[in-house]
2 protein chains.
Amino acid sequence: MRLFANVDVEAHFAPEKMKKNNLFTTDRLFCDVYCFEPGQQQSPHSHAASDKIYYVVDGRGHITIGDEAHEVSQHTAVLAPAGVPHSVGNPGPGRLKVLVVMAPKPS
Amino acid sequence: MRLFANVDVEAHFAPEKMKKNNLFTTDRLFCDVYCFEPGQQQSPHSHAASDKIYYVVDGRGHITIGDEAHEVSQHTAVLAPAGVPHSVGNPGPGRLKVLVVMAPKPS
């Protein structure tokens, strides 16, 4: 099992849509780095029984949790509680990297 | 319930020992920022049934997971699986800030 990861090394982007790069997966959680090219987004969705933490590693974007929408940048942390719709967007012009931890891992 | 937090604003240090600053707490997880002055550490410990993610926000330090010890710096992510002893130290000379997500929240 991998225990240490360099987020910069693992942060791969894709031209067609935002890319999720897994760092760690256990029975209790997963940890990914989500990479958004300018114009890419994660559409509004929710998880019935899992909470999610976002942490902006690099870049700027918009995150909406329920009816609360904020511009976010490096060092912003965000909670998406279970059952609450959430979305992430990168209006550009730069790239956006977001660390994501979700627990429990959805089955 | 708070949904957005600026980690830089929430990162408080204490002269006597490393300081844990809570950002979010739910029934399923907590998210803190741990702040280490030079010379401060979190001693080796383990959690029987919770996994922890560390992510280095700022500074340099040492993290040990089981028998694997690494120097860590900004953009290093680390998994401390349930039952495995783990510790964090800041040998200095700078300050160290580490984002922590643990799931499930220990009872």
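Two strands are said to pair if DSSP finds at least two bridges between them. Helices (H or I, at least four residues) and strands (E, at least two) are DSSP runs, numbered from the N terminus. The model is predicted: local features need pLDDT of at least 70, side-chain atom pairs count only at pLDDT 80 or more, and totals for chains, interfaces and linings use all residues. Residues are numbered from 1 along each chain as its sequence is written, while chains are lettered from A and ligands numbered from 1 in the order in which they are written.

Chain A has one helix and ten strands. Along the sequence the pattern reads β-α-β-β-β-β-β-β-β-β-β. Strand β6 (residues 60-65) of chain A pairs with β7(A) in the antiparallel sense, over six bridges. Within this pair, A:Thr64 has A:Ala69 of β7(A) as its bridge partner. The hairpin of β6(A) and β7(A) has two residues between the strands, and A:Gly66 there takes a positive phi near 60°.

The overall dimensions of chain A were computed next. Its C-alpha atoms fill a box of roughly 35 × 35 × 25 Å, taken along the principal axes. The radius of gyration is taken over C-alpha atoms, and the globule rule is 2.2 Å times the number of residues to the power 0.38. A compact globule of 107 residues would have a radius of gyration near 13 Å; chain A has 13 Å, so the two agree. A residue is buried if 20 or more other C-beta atoms lie within 10 Å of its own, exposed if 12 or fewer, and partly exposed in between, with C-beta atoms placed from the backbone. Buried residues make up 41% of the 107 residues in chain A. Two residues are in contact if their C-beta atoms, placed from the backbone, lie within 7 Å. Among contacts in chain A between residues at least 6 apart in sequence, 63% join residues at least 24 apart.

The two chains are related by symmetry. Copies are superposed by least squares on the C-alpha atoms of residues with pLDDT of at least 70 in both. A rotation of 180° with 0.0 Å of shift along its axis places chain A on chain B, with an RMSD of 0.0 Å. This is the relation of a two-fold axis. In chain A, the C-alpha nearest the axis belongs to A:Ala103, at 3.1 Å.

The chains also touch. In the interface, 30 residues of chain A are in contact with 30 residues of chain B. On the chain A side, the elements giving two or more residues are β1 (4-6), α1 (7-10), β2 (19-25), β5 (51-58), β7 (68-73), β8 (76-80) and β10 (96-103). The residues of this side divide into 21 nonpolar, five polar and four charged. Here Ala, Val, Leu, Ile, Met, Phe, Trp, Tyr, Cys and Pro count as nonpolar, Asp, Glu, Lys and Arg as charged, and the others, Gly among them, as polar. Of the interface residues of chain A, 100% are also interface residues in chain B, so the copies meet through the same surface.

β1(A) joins β8 (residues 76-80) of chain B through three bridges, in the antiparallel sense. In this pairing A:Ala5 stands opposite B:Ala77. Strand β5 (residues 51-58) of chain B runs antiparallel to β8(B), and four bridges join them. B:Tyr55 also stands opposite B:Ala77.

B:Arg28 lies in the loop between β2 and β3 (30-36) of chain B. With 19 C-beta neighbours inside 10 Å, B:Arg28 counts as partly exposed. Leaving out residues up to four places away in sequence, B:Arg28 touches A:Asp51, A:Ala103, A:Pro104, B:Ala103, B:Pro104 and B:Lys105. A cis peptide bond joins A:Ala103 and A:Pro104, with omega about -15°. A:Pro104 is found in the segment after β10 of chain A. The peptide bond from B:Gly92 to B:Pro93 is cis as well, with omega near 10°. A:His75, in the loop between β7 and β8 of chain A, has a positive phi near 85° although it is not glycine. A:His75 is buried, with 20 other C-beta atoms within 10 Å.
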